[in-house]
Amino acid sequence: MNDARTSSGSTILNTLSLRCVECFALYPSIEEGGKPRYRCDCGGVLDVEMQSLSAFPPVGASQEISTVLSNIESEGDLVPAAGSDLRQLFDGRATTPPIWSADADNLLLDYSGVWRYRELILPVPEQYIISRPEGNTSLYPVGMENCGPGRIGHRQIGLYAGLERLYLKHEGENPTGSFKDRGMTVGVTMANVLGAQAVACASTGNTSASLASYAAQAGMRGFVFLPAGNVASGKLAQSLAYGATTIQIDGDFDAAMHLVEQVCAELGIYLLNSLNPFRVEGQKAIGFELLQQLDWQAPDWLVLPAGNLGNTSAIGKAFRQAYQLSLISHLPRIASIQAAGANPFYRSFKQGFAQQEHVQAHTIATAIKIGNPVSYTRARRVIEETDGVVEEVTDEEILAAKTIIDRSGIGCEPASAATLAGMRKLVERGVIKRDDRVVGILTGTLLKDTQTGIPPSATSTAVAANIEAVRSILRQ
Ligand code: F0G
């Protein structure tokens, strides 16, 4: 891999460092000779630290989060005054119309739901950025109280969850159909800064689809490693169609993850799993965007499905930074939901995080069929900092919730439905209160997995093309 290609490229890298989440060792964002680093010498994963935000030390490095946060003036208002400059900057960009013109790239950058927040994501010169653009996903009001008459079908979701004020943020509305595009635009941009020719990942399907698309856009080779027989057909089709070298391995996601780390180290390919700390920085934008959509009035709870735990880590980090920068007045609590057959994080949580658990994963929600999550420590910290919880839901509960989301007209992929199944359980148990303001993340689109959770009764019937035949069907 080349050195960071120009002086401007290396200048940005000098303002960033990588901190081990286990032992807090600090590394430059790029090693001598331009070699990327994904792990600490102790084996721990790394977290990006930005000089501009380093007035706030990472939790555990030298201060507890409670100390850090109590040092920040909180006005007790819904939206703290201190963050108004940053809020104005982001709000101004959000109203920029996406029109192609002589300086179109600049406009599209502001329009991207990731690069709009670039000061908090990756301060990189524009010429390096590889963006579709992405983000700007809908935040649907679907609670019993906050769902208007034009959304009568959506209200079924609020009723099912038992929540008065519920929003669903549909990350399946990203360009390749999942939240992965937010991290991928940043990961591939970083690959571009480093002059990488090839990028790779292990995936349960969505990361690979996203990598394949962004690599094609950037003119890089893409290599993806998938667990054979455990990837939804639409996701596999995307990876093949976008032209990535698609390798299906005889093993599960955890084996594919182990393999891709070895392959990247040996062949000098840039690794784009969430082990790559810059991808996590991009995924923070889900958090920033939903806060902006709520006019910076933080919700009480954020609920999301959890597999490799990159997203839990990223959204938690976004909330922490938003709070530290006085963009919001309180930290939302985070609830990570796992499939009961792929629940290592839940098992650890139940023991007060005494130790990291591993399982042999089994679930119909193939996107989160992961037994040994890479971002365990990052995510544990998020749950601890936000006074969060981890819940598990059975495949039956996931399918029942998916039916509700699908029949409301919104639709999502199976793993995403864990969000609704989990919040229903947490409301029933009294952990989430009926009148709490709650945001749930739907992580992927309905369209990629056309097999799982589509009820047989919904199979359409072929009939003769005459009115008699149609009448006989409608009478049934
Ligand atoms: N939902 C969907 C639709 C996913 O594709 C994934 C992860 C998750 C939830 C869990 O997010 O791993 O950050 O905790 N998919 C990865 C992939 C593993 O390869 O596409 P996480």
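**Exercise 1. Work out how well helix α13 is covered in this predicted model, and which of its residues are buried.**

Solution. Start by finding helix α13, which spans residues 376-385. Next, apply the cut-off: a residue is buried when its relative accessible area is under 20%. Nine of the 10 residues in α13 pass this test, so the helix is mostly covered. The buried ones are Tyr-376, Thr-377, Arg-378, Ala-379, Arg-380, Arg-381, Val-382, Ile-383 and Glu-385.

**Exercise 2. Explore the largest nonpolar core and find which residues have the most contacts inside it.**

Solution. First, take the size: the largest nonpolar core has 100 residues. Then pick out the residues with the most contacts inside this core: Leu-122, Tyr-270, Phe-278, Leu-290 and Leu-302. Now zoom in on Leu-290. If you set aside its neighbours within four places in sequence, Leu-290 touches Leu-139, Lys-169, Pro-299, Leu-302, Phe-319, Val-439 and Ile-441. Lastly, there is a second, separate core of 37 residues, with Ala-335, Ile-337, Ala-365 and Leu-442 among them.

**Exercise 3. Describe how the protein surrounds the ligand.**

Solution. Begin with the surroundings: 20 residues surround the ligand, and the closest are Ser-203, Gly-307, Asn-308, Asn-311 and Thr-443. Now look at distances to ligand oxygen atoms. Thr-204 places a backbone N or O atom 2.8 Å from one. Asn-206 uses a polar side-chain atom, 2.8 Å from an oxygen atom of the ligand. For Gly-310, a backbone N or O atom lies 3.1 Å from a ligand oxygen. To finish, consider the area: on its own the ligand has 470 Å² of accessible area, and the protein covers 98% of it.

Note on methods:
Residues numbered from 1 in each chain as written. Predicted model: local features only at pLDDT ≥ 70, side-chain atom pairs only at ≥ 80, totals over all residues. Heavy atoms only, no water. Buried < 20%, exposed > 50% of the residue type's maximum accessible area, 1.4 Å probe, protein only. Helix = DSSP H or I, 4+ residues; strand = E, 2+ residues; numbered from the N terminus. Core = buried A, V, L, I, M, F, W, Y, C linked by side-chain atoms within 4.5 Å. Contact = heavy atoms within 4.5 Å. Near = heavy atom within 4 Å. Polar contact = N/O pair within 3.5 Å; in protein donor to acceptor, adjacent residues only side chain to side chain. Areas by Shrake-Rupley, 256 points an atom, 1.4 Å probe, with all protein chains shown as cover.
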